[in-house]
Amino acid sequence: MAPPTPRLVVPIDVSKKPWEQKVPLHNRWHPDIPPVADVTEGELFRVEMVDWTGGRVSDDNSADDIKFLDLTITHYLSGPLRIVDAEGVPASPGDLLAVEICNLGPLPGDEWGYTAIFERENGGGFLTDHFPSARKAIWYFEGIYAYSPQIPGVRFPGLTHPGIVGTAPSAELLNIWNEREKILAETNHESIKICEVLHQRPLANLPTPENCLLGKIQEGTADWQKIANEAARTIPGRENGGNCDIKNLSRGSKVYLPVFVDGANLSTGDMHFSQGDGEVSFCGAIEMSGFLELKCEIIRGGMKEYLTPIGPTPLHVNPIFDIGPVEPRFSDWLVFEGISVDESGKQHFLDASVAYKRAVLNAIEYLSRFGYSKEQDVKPKRLSGKQGPKLRRLPDVLRCSSDGHLPVTQDPSGTKVASTVAGSQENVPIKGMVRKRTQLDG
């Protein structure tokens, strides 16, 4: 007998705001955010989700929404979901929750996404000293393929995946997070540099009631006030999984998540049509609304059996990701090497960040020789001295001017640059190198 249609446990109406959804969403981690539904292990179920901003980025001809995006509002999540076994017994602290991704994709009728470069003084990114101003590119989906009006001649197969899959922390684990992140946040950020560039973001985003959404808990109540002042932001990945952004976490993958509270309280969100190994421009994935069809298994006592704590308590563990068999088929590669020497010529000691930055800059500089702006990031059609692609200067990604006052790094040609990689979909760091898949031409 054929398996039943997946049960829809979290529906999404993209015409409504996150706080207007039929099943409430949340944008924090806390053990007391109540589950919105029960799911039985072995059951195939469907979870729908808004894009990470909750619809605040538009399919239009302006990058102003990126430039002025309020980054106190991040990662609207679907859930939490209470996971129980066939007898109705919930997952328990110390168990391992195996979450299998059976199917996924964009929401029907909402088949588009975007990549973006954030303003240096409002989010920034890995290359923000080179490319300080806001940019945006819109992508439209045709099955497994994506194309962008702002990057003409490019159409490529995506590898769709959720950016966030995680379980709720226990009260003890939440306290560990808040204490260690508070210490980091109190560090003088003016003394912290990445690749010799002063850090431009808060070093940690501590709990705040501002723009806090807590699912079923009504704003203004005593419970809401207490939880909002304790709940962890969703930006970093942590022991519970969370914001992992693993590009290969697609169909057929499994995530083995530690369970810290009764029922596990599984949440997910931040759907990506595709992404590289990391997000060079902060919003380098193709962000979208979407759905997951999942199946869960409870492995009783699995944390102790399979996860080894790396830290002072048994809670200092991390998930295991079993990557599925699905990936676009590529056969040719361009490799751009990066070494541990920065743009000023200073030698660093085994600095992987400097080497990766050099590799990405080398790729961008090379590709910009073929008629595209540096934020469009495409590949030449032919190598080995043969003719490259036709020059295409227009259209370009959507732009904003930069109003900031932080210093800008000179590019290798000696001119200031105001853009970066619109999407790092095909940047794959390998030992300080960046590989460029060479099928991705128009």
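## Overview of the chain

The structure is a predicted model. Its chain contains five helices and 23 strands. Of the 442 residues in the chain, 56% are buried. The chain exposes about 19,300 Å², and carbon and sulfur atoms supply 53% of that area.

Contacts can also be described by how far apart the two residues lie in the sequence. Among the contacts in the chain with a separation of 6 or more, 78% are between residues 24 or more positions apart.

β1 and β3 pair in the parallel sense over three bridges, and Arg7 has Phe45 in β3 as its bridge partner. β3 and β18 pair in the antiparallel sense, over five bridges; here Val47 has Leu292 in β18 as its bridge partner. Strand β5 (residues 96-105) and strand β18 (residues 290-299) run antiparallel and are joined by nine bridges. Within β18, Ile299 stands opposite Leu96.

## Strand β3 within the sheet

Strand β3 covers residues 45-49, and five of its five residues are buried. The strand is therefore largely enclosed by the rest of the structure.

In which directions do the residues of β3 point? Phe45, Val47 and Met49 point one way, whereas Arg46 and Glu48 point the other way.

## Strand β16 and its partners

Strand β16, residues 266-272, has seven of its seven residues buried, so this strand is largely enclosed by the rest of the structure. Strand β4 (residues 77-84) runs antiparallel to β16 and is joined to it by three bridges. In this pairing, Leu81 has Leu266 of β16 as its bridge partner.

Strand β10 (residues 161-166) also pairs with β16 in the antiparallel sense, over five bridges. Gly269 in β16 stands opposite Ile164.

## Aromatic pairs

A pair of aromatic rings is described by the distance of the centres and the angle of the planes. The structure holds seven aromatic pairs. One of them joins Phe141 and Phe273: the ring centres are 4.1 Å apart and the planes lie at 5°, so the pair is stacked. Phe141 belongs to strand β7 (residues 135-142), and Phe273 lies in the loop between β16 and β17 (282-287). The two residues are 132 residues apart, and the pair thus links distant parts of the chain. Phe141 is buried, with a relative accessible area of 9%, and Phe273 is buried as well, at 2%.

Phe336 and Tyr366 form a tilted aromatic pair, with 5.5 Å from centre to centre and 50° between the planes. This pair also links distant parts of the chain, 30 residues apart: Phe336 is in strand β20 (residues 333-337) and Tyr366 is in helix α5 (residues 352-367). Tyr366, at 28% relative accessibility, counts as partly exposed.

## Arginine residues over aromatic rings

Two arginine residues are placed over rings. Arg155 lies over the face of Tyr145, at 4.0 Å from the ring centre. The charged end of Arg238 sits over the ring of Trp177, 4.7 Å from the centre of that ring.

## A buried serine in a loop

Ser250 lies in the loop between β14 (241-243) and β15 (254-258). Is this residue buried or exposed? Ser250 is buried, with a relative accessible area of 1%.

Which residues does Ser250 touch? Not counting residues up to four places away in sequence, Ser250 touches Ile101, Leu104, Leu159, Thr160 and His161.

Key:
Residues numbered from 1 in each chain as written. Predicted model: local features only at pLDDT ≥ 70, side-chain atom pairs only at ≥ 80, totals over all residues. Heavy atoms only, no water. Helix = DSSP H or I, 4+ residues; strand = E, 2+ residues; numbered from the N terminus. Buried < 20%, exposed > 50% of the residue type's maximum accessible area, 1.4 Å probe, protein only. Contact = heavy atoms within 4.5 Å. Areas by Shrake-Rupley, 256 points an atom, 1.4 Å probe, with all protein chains shown as cover. Pairing = 2+ DSSP bridges. Phe/Tyr/Trp six-rings, centres within 6.5 Å; stacked < 30°, edge-to-face > 60°. Lys NZ or Arg CZ within 6 Å of the ring centre and 35° of its normal.
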